[in-house]
Amino acid sequence: MPSEKEKNRGSGVFIYPFAHLSLVTPSFSFHKFSIYIVMLLKLAPAFALLNSHGENLSPMLSTSSNGSFLKNFYAKSGKGLLVLCASKGSNTKPLTGVVFEPFEEVKKELMLIPTVPQVSLARHKYSDQCEAAVNEQINVEYNVSYVYHAMYAYFYRDNVALKGLARFFKESSEEERGHAEKLMEYQNKRGGKVKLQSILMPLSEFDHAEKGDALHAMELALSLEKLTNEKLLNLHALAIRNNDVQLADFVESEYLQEQVEAIKKISEYVAQLRRVGKGHGVWHFDKMLLQKEEAVA
């Protein structure tokens with residue numbers, strides 16, 4: 001035969017046999033137990049206290065002091081049962097102190113979900129200004145990548161043959177293109193539309209009468225990195241003005257630190273090329289750059 005505890009398991013009913021409590025727990029204090037039951041019923045009015053006949057004892061309990069009614073009940077029926085269960089109609093009382101009511105507050109969001117197929121379902125708190133600024137930054141990254149690719153092609157010529165510089169600018173071009181693609185992925189993630197713009201044709205010749213081609217190209221690269229950094233800072237500032245925390249965090253975590261490191265590295269290359277001059281020193285610099293790039297790869 002299943003026990004009373006097994007019968008009521010999962011039904012929200014808790015049974016307290018007096019004899020069982022005093023037998024299993026030698027330190028059982030009925031006075032403390034009574035206080036506990038009284039406090040529970042006062043703090044949780046959704047519960048009710050029943051005897052073994054199903055009679056509600058809660059009204060009698062509320063008028064007694066510190067569970068004196070339970071003590072008298074125990075004295076009369078030492079082997080009686082106390083049943084603590086959910087009181088009837090407890091869910092009909094309004095809750096107080098509720099801060100978040102999801103089924104009420106979600107009604108506003110349900111009204112905002114678009115039904116037109118051309119409109120993104122994922123878009124949320126993403127302003128048109130931020131969307132346009134992200135598209136502009138995509139164009140900046142692609143333009144810089146295009147210039148670096150032109151530098152790679154120049155230094156890879158057989159009559160220039162500076163393979164270290166060629167490899168450096170090729171990897172820089174791929175990196176900038178990767179930045180553009182990451183921005184495109186972010187644009188789609190936020191529910192914006194990627195709009196690619198025109199890319200200007202870059203220079204194809206980078207020789208310079210006074211500086212030489214290596215120093216001239218590296219100074220141009222430094223200027224491009226600083227310009228890109230300025231554009232990213234403008235994008236970050238726009239995100240802050242529009243209270244777009246996600247976009248601001250994306251620019252900070254994915255771009256700004258890397259941009260600072262790139263500016264520092266290219267600044268050192270400019271300083272080294274200025275030191276070695278235009279002649280044999282450029283060849284040594286190119287070898288050093290090629291070895292460094294191979295070591296990183």
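This is a predicted model: local features need pLDDT of at least 70, side-chain atom pairs count only at pLDDT 80 or more; totals for chains, interfaces and linings use all residues.
Is Glu131 buried or exposed, and what is its relative accessibility? I looked this up before anything else. Glu131 comes out as buried, at 12% relative accessibility.

**Salt bridges**

I counted nine salt bridges in the structure. Glu131 is in one of them, with its side chain meeting that of Arg123 at 2.8 Å, N to O. Arg123 has a relative accessible area of 28%, so I put it down as partly exposed.

Next I checked Lys211 and Glu219. Their side chains also meet in a salt bridge, at 2.6 Å from N to O. Glu219 is buried at 14% relative accessible area, while Lys211 is partly exposed at 34%. Back at Arg123, I found that shared partners link salt bridges into one network of Arg123, Asp128 and Glu131.

Then I looked at Glu254, which forms a salt bridge with Lys182; the closest N and O atoms are 3.0 Å apart. Glu254 sits in helix α10 and Lys182 in helix α8, so this pair ties together parts that are 72 residues apart in sequence. Both ends are partly exposed: Glu254 has a relative accessible area of 30%, and Lys182 is at 29%.

**The cores**

Which residues touch the most other members of the largest nonpolar core? I got Tyr148, Phe155, Leu165, Phe169, Met218 and Ile266, out of 31 residues in that core. The elements giving two or more residues to this core are α7, α8 (163-189), α9 (213-241), α10 (245-276) and α11 (280-296). α7 supplies the largest share, nine residues.

Leaving out residues up to four places away in sequence, Leu165 touches Phe155, Ala214, Met218, Phe285, Asp286 and Leu289. There is also a second, separate core of 19 residues, and among its members are Tyr126, Ile138, Ala239 and Ala248. As background, nonpolar side chains tend to be buried together in soluble globular proteins.

**Helix α7**

How many residues of α7 are buried? I found 21 of 28, so the helix is largely enclosed by the rest of the structure. I also checked its span: α7 reaches 41 Å from first C-alpha to last, close to the 40 Å expected at 1.5 Å a residue.

Val106, Leu110, Ile113 and Leu121 make a nonpolar surface patch of about 390 Å². Ile113 is in the loop between α6 (102-112) and α7 (128-155). Its relative accessible area is 46%, so Ile113 goes down as partly exposed; the cut-off for exposed is over 50%.

**Positive phi**

Last, I went through backbone angles. Most residues other than glycine have a negative phi, so I noted the exceptions here.

- Ala161 has a phi near 55°, a positive value in a residue that is not glycine. Ala161 is in the loop between α7 and α8, and at 44% relative accessibility it counts as partly exposed.
- Asn243 has a positive phi of about 55°, and it is not a glycine either. Asn243 lies in the loop between α9 and α10. With a relative accessible area of 66%, Asn243 is exposed.

Key:
Residues are numbered from 1 along each chain as its sequence is written. Side-chain values use heavy atoms; hydrogens and water are left out. Patches are made of residues with over 30% relative accessible area and no salt bridge: like charges are joined within 9 Å, nonpolar side chains (Val, Leu, Ile, Met, Phe, Trp, Tyr) within 5 Å. Accessible areas come from the Shrake-Rupley method with a 1.4 Å probe; for residues, only the protein chains shown count as cover. A salt bridge is a side-chain nitrogen of Lys or Arg within 4 Å of a carboxyl oxygen of Asp or Glu. Helices (H or I, at least four residues) and strands (E, at least two) are DSSP runs, numbered from the N terminus. Buried means under 20% relative accessible area, exposed over 50%, partly exposed in between (1.4 Å probe, protein chains only). A nonpolar core is a set of buried Ala, Val, Leu, Ile, Met, Phe, Trp, Tyr and Cys residues joined through side-chain atoms within 4.5 Å. Contact means heavy atoms within 4.5 Å. The expected span of a helix is 1.5 Å times one less than its number of residues.
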